[in-house]
Amino acid sequence: MLEKLTVIIPTYNRINFIKRSHSYWKKTQVNFLICDSSDKINDDLKNYKNYHYTKEKSFYNKLFKIIKNVNTKYVMIIADDDLACVDTLEKCVSFLEQNNEFVSAQGSFIDFWYDNNNKIDICVRNPSISAIDSNILESDSNLRINKSMNPYMHHVYSIHRKNVLKDALNLSRKLKNNPAAEINITLFGSIFGKHKMIECLYVCRQVVPISKINFTKSENFLEWLNNKKNKNYIKEWINQLSIIHSNINNQSYDDANKTIFDTINSFNKKKLGLKSLSKNIIKFFIPKSFLNYFRHPLYYKKSWPPTKE
């Protein structure tokens with residue numbers, strides 16, 4: 001089954017990670033392509049046929065560029081600091097082969113890091129980002145599209161049918177906002193079919209201390225969605241998705257447009273209870289940089305297995 005899958009590994013100025021990633025994947029039976037947009041070409045890897053260097057810095061532009069080199073039926077994008085469980089990849093491909101109504105599949109994620117003794121430690125990810133609740137099983141396309149955003153779980157790192165992901169990336173790269181581009185992958189896929197969560201370990205992601213993470217200031221999805229300057233981008237995005245939904249699922253354009261518009265504008269909206277109200281108050285008064293210390297896996301003290309940290 002693995003011969004039907006290609007893994008794409010985008011990277012940028014992370015030499016140690018990409019060397020480790022290359023060393024890992026070349027020991028497997030999986031086709032893989034490294035898409036490197038670092039400031040300079042990697043001399044250690046440049047002679048490998050699966051190493052591709054590009055000056056394209058935009059994440060979704062370079063993914064769209066590299067996926068044109070994929071000749072397999074299925075494709076997976078994986079970060080350069082992630083390590084995948086090959087057995088689960090094979091299970092995902094096998095599932096997709098046997099279930100044509102599904103367009104993507106993935107397993108669950110865990111985080112790992114090196115402690116002060118240079119030994120690996122792990123923790124289970126928060127359910128909202130572990131992919132545990134990521135199934136989209138509705139047969140009705142409108143219900144499926146709505147489910148893709150409520151609750152939202154990104155499918156960027158799932159195993160996809162190549163042609164669906166290629167078209168999704170082509171649309172994502174035009175949105176000029178990375179959160180919107182990521183959300184488009186999930187939304188786009190839900191138009192074409194279902195998504196399956198395989199109950200197996202899928203990917204291990206390395207995390208680093210909070211002090212080493214660069215938090216960039218940029219519009220989150222809701223800010224981008226509500227910014228009048230982005231009106232034309234958003235209108236055209238909804239129009240393109242509506243046309244596809246109408247054609248694929250045999251609906252009128254108006255009905256398809258209403259489904260897409262309502263779904264995008266309902267993104268992760270929850271009923272305002274006491275718990276969510278308290279969270280919003282905390283977020284308003286306490287800086288995000290401070291809250292991130294308690295969100296980051298390295299600081300989930302109660303979730304840690306015993307270590308000498």
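Biologist: How far is the sulfur of C200 from the closest cysteine sulfur?

Modeller: This model is predicted: local features need pLDDT of at least 70, side-chain atom pairs count only at pLDDT 80 or more, and totals for chains, interfaces and linings use all residues. Residues are numbered from 1 along each chain as its sequence is written, and side-chain values use heavy atoms, leaving out hydrogens and water. A disulfide here is a pair of cysteine sulfur atoms within 2.5 Å. C200 is too far for a bond, because the closest cysteine sulfur, in C85, lies at 7.6 Å.

Biologist: How many disulfides does the whole structure hold?

Modeller: C204 is in no disulfide either, and its nearest cysteine sulfur is that of C85, 7.6 Å away. A search of the whole structure gives a count of zero.

Biologist: Is C200 buried, partly exposed or exposed?

Modeller: Buried means under 20% relative accessible area, exposed over 50%, and partly exposed in between (1.4 Å probe, protein chains only). C200 has 21% relative accessibility, so the class is partly exposed.

Biologist: Which residues have the most contacts inside the largest nonpolar core?

Modeller: A nonpolar core is a set of buried Ala, Val, Leu, Ile, Met, Phe, Trp, Tyr and Cys residues joined through side-chain atoms within 4.5 Å. The largest one has 68 residues, and the most contacts inside it belong to M76, I159 and W237.

Biologist: Which helix gives the largest share of this core?

Modeller: Helices (H or I, at least four residues) and strands (E, at least two) are DSSP runs, numbered from the N terminus. Seven core residues come from residues 178-192, and that is helix α7.

Biologist: At what angle do helices α2 and α6 cross?

Modeller: Axes are lines fitted to C-alpha atoms, for helices over the stretch in contact (heavy atoms within 4.5 Å). Angles run from 0 to 180 degrees between N-to-C directions. The contact includes L63 and F64 of α2 and L165 and L169 of α6. The axes of α2 (residues 59-67) and α6 (residues 162-172) come within 9 Å, and the crossing is roughly 145°.

Biologist: How far apart in space are V75 and L165?

Modeller: V75 lies in strand β4 and is buried, at 0% relative accessible area. V75 is in contact with L165, and also with residues including L5, I67 and I159. L165 is one of the buried residues of α6, and those residues pack against elements including β4. V75 and L165 are 90 residues apart in sequence, yet C-alpha to C-alpha the distance is 7.9 Å.

How values were computed
Lists of a residue's contacts leave out its neighbours within four places in sequence.
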